[in-house]
Amino acid sequence: MQLYNNLSAKERAELIDQAGKERLTISFYKYAKIGNPELFRNHMFLAWDKLDVLGRIYVAFEGINAQLSVPADNFNAFKEHLDTISFLENVRLNIAVEHDNYAFLKLKVKVREKIVADGLNDDTFDVRDKGVHVDAEKFNELIEDPNTVLVDMRNHYESEIGHFKNAITPDVDTFRESLDLIEEDLRAHKEDKKLVMYCTGGIRCEKASAYYKHKGFKQVYQLEGGIINYVRQIEEKGLENKFLGKNFVFDQRRSERISDHVIAQCHQCGEPADMHTNCANEACHLLFIQCDSCKEKMENCCSTTCMEINRLPHEEQKALRKGQGNSNDIFKKGRADHLPYKKDLRNIFDTLSKTQ
């Protein structure tokens with residue numbers, strides 16, 4: 001019984017080429033009590049491997065969080081399998097705005113402590129007591145209300161390339177950092193303001209809305225299905241698009257274009273740009289924003305040092321990396337000191353003051 005991948009990413013890409021079939025990029029999540037995550041994980045892997053599903057899926061006692069791609073021809077069979085699982089029957093599937101057959105090249109189903117790392121002790125509050133879910137039409141109404149505080153629950157490198165108009169974008173590297181920061185800085189508005197949140201697909205807001213209700217916020221709302229579902233709804237219903245820029249996604253595509261606005265800048269030269277890349281030096285691999293001009297000039301590297309290392313023969317690079325691990329810059333997500341136009345620190349309270 002095979003419970004792991006036996007093909008490399010390169011071999012899988014070649015098979016995708018040979019198949020010549022369109023693949024759909026999909027994400028979904030569900031908070032639910034899973035008694036035996038390991039057994040559930042094995043069941044999902046076996047079923048989805050047969051359907052040529054590829055992606056990154058996390059399973060925990062609290063539920064499932066999935067980003068994946070599936071051949072369009074197998075979509076119905078995939079959906080039918082989900083419907084055989086009681087808590088996943090008719091689960092909302094967020095289908096990507098832009099598809100890429102190579103968005104995922106392996107099927108990874110992993111058991112984790114939580115489906116989203118939040119640093120919370122869920123025993124102190126009821127995660128089922130979540131905020132009010134709103135669709136795109138209601139969301140557009142709410143964010144124009146002067147009594148609304150709109151908060152982006154994503155990380156700084158996500159909101160840097162795209163966010164909703166007038167949204168507070170906390171300057172954080174992780175979801176867990178944002179929870180206490182927002183609660184502290186919006187403490188004075190627990191009674192009088194509507195707290196409206198959004199994220200990529202809804203999973204972070206689902207937990208955050210329950211947390212903020214537990215912390216005393218009286219009017220808590222979340223965009224159902226996140227940015228991905230919002231875009232689909234505004235297109236179907238002919239609504240005004242209030243999102244500026246691109247939506248960051250956690251696969252090979254890195255982003256989806258939502259509007260023509262370019263609100264970020266190249267971290268190396270400062271020119272308008274919103275395309276993330278990873279430094280070509282594998283010992284660095286820093287995620288940062290790079291324009292086409294700097295990409296050519298810097299050979300897809302974040303610094304001259306990395307460029308010089310990347311020019312070395314492959315075996316010499318491997319020898320340099322041996323025993324070193326990744327540079328700490330990999331965790332800075334575009335805030336390494338050597339990037340002259342890295343994102344400046346942003347104070348959430350100052351941002352709030354400007355929107356009132």
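Ring pairs link F139, F164, Y198, Y230 and F243 into a cluster. Rings of Phe, Tyr and Trp (its six-membered ring) pair if their centres lie within 6.5 Å; planes under 30 degrees apart count as stacked, over 60 as edge-to-face and the rest as tilted. The model is predicted: local features need pLDDT of at least 70, side-chain atom pairs count only at pLDDT 80 or more, and totals for chains, interfaces and linings use all residues. Residues are numbered from 1 along each chain as its sequence is written, and side-chain values use heavy atoms, with hydrogens and water left out.

**Aromatic pairs**

- The whole structure holds 15 aromatic pairs.
- F139 and Y230 make an edge-to-face pair, with 5.8 Å centre to centre and 70° between the planes.
- This pair joins distant parts of the chain: F139 sits in helix α4 (residues 136-143) and Y230 in helix α8 (residues 226-237), 91 residues apart.
- Helices (H or I, at least four residues) and strands (E, at least two) are DSSP runs, numbered from the N terminus.
- F139 and Y230 are both buried (under 20% relative accessible area, with exposed over 50% and partly exposed in between; 1.4 Å probe, protein chains only).

**Parallel sheet**

- An open sheet of four strands runs in the order β6-β10-β9-β7, with parallel pairing.
- Its edge strands, β6 (132-134) and β7 (148-152), each pair on one side only.
- Twist from one strand to the next averages 30°.
- Two strands pair if DSSP finds at least two bridges between them.
- Three bridges join β9 (residues 194-198) to β10 (residues 220-223) in the parallel sense.
- V196 has Y221 in β10 as its bridge partner.
- Helix α4 packs on this sheet and touches β6, β7, β9 and β10; its direction makes about 130° with that of β9.
- Contact means heavy atoms within 4.5 Å.
- Axes are lines fitted to C-alpha atoms, for helices over the stretch in contact, and angles run from 0 to 180 degrees between N-to-C directions.

**Mixed sheet**

- Five strands form an open sheet in the order β4-β1-β3-β2-β5, with mixed pairing.
- The edge strands here are β4 (94-95) and β5 (107-111), each pairing on one side only.
- β1 (residues 23-31) and β3 (residues 63-71) run antiparallel, joined by nine bridges.
- F28 stands opposite A66 in β3.

**Helices α6 and α7**

- The axes of α6 (residues 175-185) and α7 (residues 203-214) come within 11 Å and cross at roughly 30°.
- F175, S178, L179, D180, I182 and E183 in α6 meet R204, A208, Y211 and Y212 in α7.
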